[in-house]
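Please look through the structure shown here, then work through the questions and answers that follow, which move from the whole chain to single residues.

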Amino acid sequence: MEIIVSNKASRPLYEQISTQIKAAIMSGELKTGEAIPSVRSLAKSLHISILTVQKAYSTLQEDGFIETTAGKGCYVSAKNQDFYLEEQQKKIEERFLEAIEIARASGISFDKMIELLTILYEEED
């Protein structure tokens, strides 16, 4: 797992770290029970403060993505993945509703919407 942070980004460094670790957990790159880098080693590799990494890990622990065992380190937890997926699904539904309103107001057919969604979803970055 590679974590990349930028001082020029609009989001704080700790948030960049926690978002990338969440994404790695949700994608399956990091598996339940797998160890994540220690606070010190991640801080050292990213050339940032230990406190910044600690804040990111605290956020991940509060959200249920990792568990910390004193003297042993931090590990991926499975307990909150379903909740996270549900939250993401709600965000998608909200945006779909906005798109549907625009389509209906513009007279764009359901078939055109499906076609557009298919193209956008299958498009590679």
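Q: In what order do the elements of the chain run from the N terminus on?
A: This is a predicted model, and its chain has five helices and three strands. Read from the N terminus on, these elements follow one another as α-β-α-α-β-β-α-α.

Q: Why is the chain described as more spread out than a compact globule, and what is its radius of gyration?
A: For 125 residues the globule rule gives 14 Å, and the chain is well over that value, so it is more spread out than a compact globule. Along its principal axes, the C-alpha trace spans about 60 × 35 × 25 Å. The radius of gyration of the chain is 19 Å.

Q: What percentage of the 125 residues in the chain is buried?
A: A residue counts as buried when its relative accessible area is under 20%. The chain as a whole exposes about 9,200 Å², of which carbon and sulfur atoms supply 53%. Of the 125 residues, the buried ones make up 23%.

Q: What is the order of the strands in the open sheet?
A: Strand β1 is joined to β3 by two antiparallel bridges, while β2 is joined to β3 by four bridges, also in an antiparallel arrangement. Strands β1 (35-36) and β2 (66-69) each have a single partner strand and stand at the edges, so one side of each is left without a neighbour in the sheet. The order of the open sheet is therefore β1-β3-β2.

Q: Which residue in β3 is the bridge partner of Ile36?
A: Strand β3 covers residues 73-76 and runs antiparallel to β1. Within β3, Tyr75 is the bridge partner of Ala35, and the bridge partner of Ile36 is Cys74.

Q: Which residue in the turn of the hairpin has a positive phi?
A: Strands β2 and β3 form a hairpin with three residues between them, and Thr69 has Gly73 as its bridge partner in β3. In the turn, a positive phi of about 80 degrees belongs to Gly71.

Q: Is Ser18 buried or exposed?
A: Ser18 has its place in helix α1, which covers residues 13-27. Leaving aside neighbours within four places in sequence, Ser18 is in contact with Ala56, Thr59 and Leu60. Its relative accessible area is 4%, and the limit for a buried residue is under 20%, so Ser18 is buried.

Q: How many Å apart in space are Ile21 and Leu60, C-alpha to C-alpha?
A: Ile21 is also placed in helix α1, and at 0% relative accessibility Ile21 counts as buried. Leaving aside neighbours within four places in sequence, Ile21 is in contact with Met1, Ile3, Leu30, Tyr57 and Leu60. Ile21 and Leu60 are 39 residues apart in sequence, yet their C-alpha atoms are separated in space by 8.3 Å.

Q: Is His47 buried or exposed?
A: His47 lies in the loop between α2 (39-46) and α3 (50-62). Its phi is near 60 degrees, a positive value in a residue other than glycine. The relative accessible area of His47 is 72%, and a value over 50% counts as exposed, so His47 is exposed.

Q: How far apart are the mean positions of the positive and negative charges of the chain?
A: The chain carries 14 positive and 20 negative charges.

Methods: Residues are numbered from 1 along each chain as its sequence is written. This is a predicted model: local features need pLDDT of at least 70, side-chain atom pairs count only at pLDDT 80 or more; totals for chains, interfaces and linings use all residues. Side-chain values use heavy atoms; hydrogens and water are left out. The radius of gyration is taken over C-alpha atoms; the globule rule is 2.2 Å times the number of residues to the power 0.38. Buried means under 20% relative accessible area, exposed over 50%, partly exposed in between (1.4 Å probe, protein chains only). Accessible areas come from the Shrake-Rupley method with a 1.4 Å probe; for residues, only the protein chains shown count as cover. Lys and Arg count as positive and Asp and Glu as negative; His and the chain ends are not counted. The place of a charge is taken as NZ of Lys, CZ of Arg, CG of Asp or CD of Glu. Contact means heavy atoms within 4.5 Å. Two strands pair if DSSP finds at least two bridges between them.
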